[in-house]
Amino acid sequence: MKSLLKSVALLIVTVSLVSCKNDLKPNYQYMPNMYESVAYETYSESNAFKGGRVSQVPPAGTIKRGFTPYDLPNTTEGYNASKLITTSPLDSTTVDMKKAEELFTVYCAICHGAAGDGKGKLVQQEKFLGVPSYKDRQVTKGSIFHVITYGLNSMGSHANQLSADERWLVTEYVLKLKSEL
């Protein structure tokens, strides 16, 4: 009798396990919304938010927090216009020349040299040629900032590495080096 009950129980368990598997139809999911959530397009209109259709596009003229816009374009005309800028937005009493020197050493000295003479380590190893000395250049605060922001010739932009204030600090340091040459 016990073996008959064990056999019937085993048969029920086997039938129930086999009957749950069906390759033609997917199984049921517990809380399917957690597994397959509704996807929303990032910058599209949607009725998912309060008030019906809400646009996710930022309003015109919006700038990200901490970003300072630079209005001159990356063109020859923009570079020539930048030469007319002779003042920095930084307060002359808050210019930290020690920090400016550190930034110049990290980002600029490898090509331009620690003294701004155009004899940096990469120039000495002949990886880059034609890096000018600052004493040979007719530059203003605006043109230096413009070149750091957009790059010029072989020099790339440093706008992603340096904030606008840091670029102005480097500009002040470049002018200091130019006066010492």
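Is Glu102 buried, partly exposed or exposed? Glu102 counts as partly exposed, because its relative accessibility is 45%.

1. Confidence. This is a predicted model. The protein chain has a mean pLDDT of 81. Of its residues, 81% reach 70 or more. Among the elements, helix 4 (residues 97–107) has the highest mean pLDDT, at 93. Strand 2 (residues 52–54) has the lowest, at 53. Where pLDDT is low, the predicted coordinates should not be read in detail.

2. Glu102 again. Glu102 sits in helix 4. Its C-alpha lies 9.0 Å from the C-alpha of Val170. In sequence, Glu102 and Val170 are 68 residues apart.

3. The core. The largest nonpolar core holds 19 residues. Phe104, Leu169, Val170 and Val174 have the most contacts inside it. Helix 4, helix 7 and helix 8 each give two or more residues to this core. Helix 8 gives the most, with seven residues. In soluble globular proteins, nonpolar side chains tend to be buried together.

4. Phe104. Leaving aside residues up to four places away in sequence, Phe104 touches Val170, Tyr173, Val174 and Leu177, among others. The contacts of Phe104 also include Ala109, His112, Gly113, Ala114 and Tyr134. Two of these partners, Val170 and Val174, are named above for their contacts inside the core.

5. Helix 8. Helix 8 runs over residues 164–180. It has 17 residues. From first C-alpha to last, helix 8 reaches 25 Å, close to the 24 Å expected at 1.5 Å a residue. Its buried residues include Trp168, Leu169, Val170, Tyr173, Val174 and Leu177.

6. Glu126. Check the backbone here. Phi of Glu126 is near 60°, a positive value in a residue other than glycine. Most residues other than glycine have a negative phi. Glu126 lies in the loop between helix 6 (121–124) and helix 7 (141–150). Glu126 counts as exposed because its relative accessibility is 61%, and the cut-off for exposed is over 50%.

7. Asn153. Asn153 also has a positive phi, near 55°, and is a residue other than glycine. Asn153 is found in the loop between helix 7 and helix 8. With a relative accessibility of 77%, Asn153 counts as exposed.

Technical notes. Residues are numbered from 1 along each chain as its sequence is written. This is a predicted model: local features need pLDDT of at least 70, side-chain atom pairs count only at pLDDT 80 or more; totals for chains, interfaces and linings use all residues. Side-chain values use heavy atoms; hydrogens and water are left out. pLDDT is the predictor's confidence in each residue, from 0 to 100. Helices (H or I, at least four residues) and strands (E, at least two) are DSSP runs, numbered from the N terminus. Buried means under 20% relative accessible area, exposed over 50%, partly exposed in between (1.4 Å probe, protein chains only). A nonpolar core is a set of buried Ala, Val, Leu, Ile, Met, Phe, Trp, Tyr and Cys residues joined through side-chain atoms within 4.5 Å. Contact means heavy atoms within 4.5 Å. The expected span of a helix is 1.5 Å times one less than its number of residues.
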